[in-house]
Amino acid sequence: QVQLVESGGGLVQAGGSLRLSCAASGRTFSIYAMGWFRQAPGMQREFVAVISWNGAYTDYVDSVKGRFTISRDNAKSTVYLQMNSVKLEDTAVYFCASHSTPWSAPSAGTPISEYHHWGQGTQVTVSS
């Protein structure tokens, strides 16, 4: 049973920074790409960032490029999302997810249905 547990969310002022973490257990973390998604109230869940299984490839939604950085530590089975220069519109519940195919390098255009395991989410609220 794969388990993904997000942490690091909270209240942050616009322009500030936050680092989210997602700890994985239950299967070999290092061979699967990992993604971050977010869902604002009344909105569909949207892609934020993805990192390939070996960390060599990353991709981002345009709205966070240059502000957010995804990284992973396979020794700790953890993926991170460093959020800098946050904006009010970044307010959402953030989810991490594991891609279904080992040794893959998904992109921003990869269907969300290809992510088979999800965490419970962590709330990020940006204040003015």
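User: Is Thr 78 buried or exposed?

Analyst: Quick caveat first: this is a predicted model, so local features need pLDDT of at least 70 and side-chain atom pairs count only at pLDDT 80 or more, while totals for chains, interfaces and linings use all residues. Numbering runs from 1 along each chain as its sequence is written, and side-chain values use heavy atoms, with hydrogens and water left out. Thr 78 sits in strand E8, strands being DSSP runs of at least two residues, numbered from the N terminus. Its relative accessible area is 9%, and the cut-offs are under 20% for buried, over 50% for exposed and partly exposed in between (1.4 Å probe, protein chains only), so Thr 78 is buried.

User: Which backbone oxygen does the side chain of Thr 78 reach?

Analyst: Leaving out residues up to four places away in sequence, Thr 78 touches Ser 21, Cys 22, Ala 23, Phe 29, Arg 72 and Asp 73, where a contact means heavy atoms within 4.5 Å. The side chain also reaches a backbone oxygen at 2.8 Å, that of Lys 76.

User: Which residues have the most contacts inside the largest nonpolar core?

Analyst: A nonpolar core here is a set of buried Ala, Val, Leu, Ile, Met, Phe, Trp, Tyr and Cys residues joined through side-chain atoms within 4.5 Å. The largest one has 26 residues, and E3 gives the most, with 4 residues. Leu 81 touches Trp 36 and Tyr 94, among others. The residues with the most contacts inside this core are Trp 36, Leu 81 and Tyr 94.

User: How much space lies in the largest cavity?

Analyst: A cavity is a set of points on a 1 Å grid over the protein atoms alone where a 1.4 Å probe fits but cannot get out, and lining residues have an atom within 4 Å of a point. The search finds 1 cavity of 30 Å³ or more. Its lining includes Val 2, Phe 29, Met 34 and Ser 98. With volume taken as the space filled by probe spheres set on the points, the largest cavity holds about 60 Å³.

User: What is phi of Trp 103 near?

Analyst: Trp 103 lies in the loop between E9 and strand E10 (115-118). At 55% relative accessibility, Trp 103 counts as exposed. Phi is positive although this is a residue other than glycine, and the value is near 55 degrees.

User: And where is Ser 85 found?

Analyst: Ser 85 has a positive phi of about 50 degrees although it is not a glycine. With a relative accessible area of 41%, Ser 85 is partly exposed. Ser 85 is found in the loop between E8 and E9.

Technical notes
1 Å grid on protein atoms, 1.4 Å probe; cavity = no way out; pocket = protein on both sides within 12 Å on 5 of 7 lines; lining within 4 Å. Polar contact = N/O pair within 3.5 Å; in protein donor to acceptor, adjacent residues only side chain to side chain.
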